[in-house]
Amino acid sequence: MEFNENFIRGCSAIGAGLALIAGIGPGVGQGIAAGHAAAAVGRNPGAKSDITSTMLLGQAVAETTGLYGLVTALILMFVKPLLP
């Protein structure tokens with residue numbers, strides 16, 4: 001089965017758009033984490049450093065999902081392995 005160049009580029013663009021949807025989850029999760037951390041600091045200001053370090057570590061781990069989606073989208077848009 002032979003695919004032409006425009007079909008492959010179109011499928012790559014659709015795949016890149018779907019991969020960038022992966023950025024929605026980390027954004028929502030990080031916002032929720034920051035909100036809960038702010039509320040926790042408001043309740044217990046003495047634990048601010050512990051709460052902040054734990055929140056930042058969790059946000060860094062959550063951000064990796066968005067970065068994987070971004071890298072996947074960039075590969076789909078700028079690397080054309082199936083084109084002749």
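The chain exposes about 6,000 Å², and carbon and sulfur atoms supply 71% of that area. These values come from a predicted model. Buried residues make up 19% of the 84 residues in the chain. The secondary structure consists of three helices and zero strands, in the order α-α-α along the sequence. The radius of gyration is 20 Å, well over the 12 Å that the globule rule gives for 84 residues, so the chain is more spread out than a compact globule.

**Overall dimensions and contacts**

- The C-alpha trace spans about 65 × 15 × 15 Å along its principal axes.
- Among contacts with a separation of 6 or more, 79% are between residues 24 or more positions apart.

**Helix H1 against helix H3**

- Helix H1 covers residues 5-20 and helix H3 covers residues 48-78; the two pack at an angle of about 170°, with their axes 8 Å apart.
- That angle makes H1 roughly antiparallel to H3, because angles over 145 degrees count as such.
- On the H1 side the contact involves Ser-12, Ala-13, Gly-15, Ala-16, Ala-19 and Leu-20.
- On the H3 side the partners are Gly-69, Leu-70, Thr-72, Ala-73, Leu-76 and Met-77.
- By class, the contact of H1 with H3 has eight nonpolar, four polar and no charged residues.

**Helix H2 against helix H3**

- Helix H2 (residues 24-43) packs with H3 at an angle of about 175°, and their axes are 9 Å apart.
- H2 and H3 are therefore roughly antiparallel to each other.
- H2 contributes Pro-26, Gln-30, Ala-33, Ala-34, Ala-37, Ala-40 and Val-41 to the contact.
- H3 contributes Lys-48, Ile-51, Met-55, Gln-59, Ala-62, Glu-63, Thr-65 and Gly-66.
- By class, the contact of H2 with H3 has nine nonpolar, four polar and two charged residues.

**Ser-12**

- Ser-12 is found in helix H1 and is one of the residues there that meet H3.
- Ser-12 counts as buried because its relative accessibility is 12%, and the cut-off for buried is under 20%.
- Leaving aside neighbours within four places in sequence, Ser-12 is in contact with Leu-76 and Met-77.
- Both of these partners belong to H3.

**Ile-51**

- Ile-51 lies in helix H3 and is one of the H3 residues in the contact with H2.
- Ile-51 is buried, with a relative accessible area of 18%.
- Beyond its neighbours within four places in sequence, Ile-51 is in contact with Ala-37, Ala-40, Val-41 and Asn-44.
- Ala-37, Ala-40 and Val-41 are among the H2 residues that make the contact with H3.
- Ile-51 and Asn-6 are 45 residues apart along the chain, and their C-alpha atoms are separated by 51 Å.

**Gly-58**

- Gly-58 is found in helix H3.
- With a relative accessible area of 39%, Gly-58 is partly exposed, because that class runs between the 20% and 50% cut-offs.
- Gly-58 and Ala-13 are 45 residues apart in sequence, and in space they are 31 Å apart, C-alpha to C-alpha.
- Ala-13 is one of the H1 residues in the contact with H3.

How values were computed
Residues numbered from 1 in each chain as written. Predicted model: local features only at pLDDT ≥ 70, side-chain atom pairs only at ≥ 80, totals over all residues. Heavy atoms only, no water. Axes fitted to C-alpha atoms, helices over the stretch in contact; angles between N-to-C directions. Helix = DSSP H or I, 4+ residues; strand = E, 2+ residues; numbered from the N terminus. Parallel < 35°, antiparallel > 145°, perpendicular 65-115°, else oblique. Contact = heavy atoms within 4.5 Å. Nonpolar A, V, L, I, M, F, W, Y, C, P; charged D, E, K, R; others polar. Rg over C-alpha atoms; globule rule 2.2 N^0.38 Å. Buried < 20%, exposed > 50% of the residue type's maximum accessible area, 1.4 Å probe, protein only. Areas by Shrake-Rupley, 256 points an atom, 1.4 Å probe, with all protein chains shown as cover.
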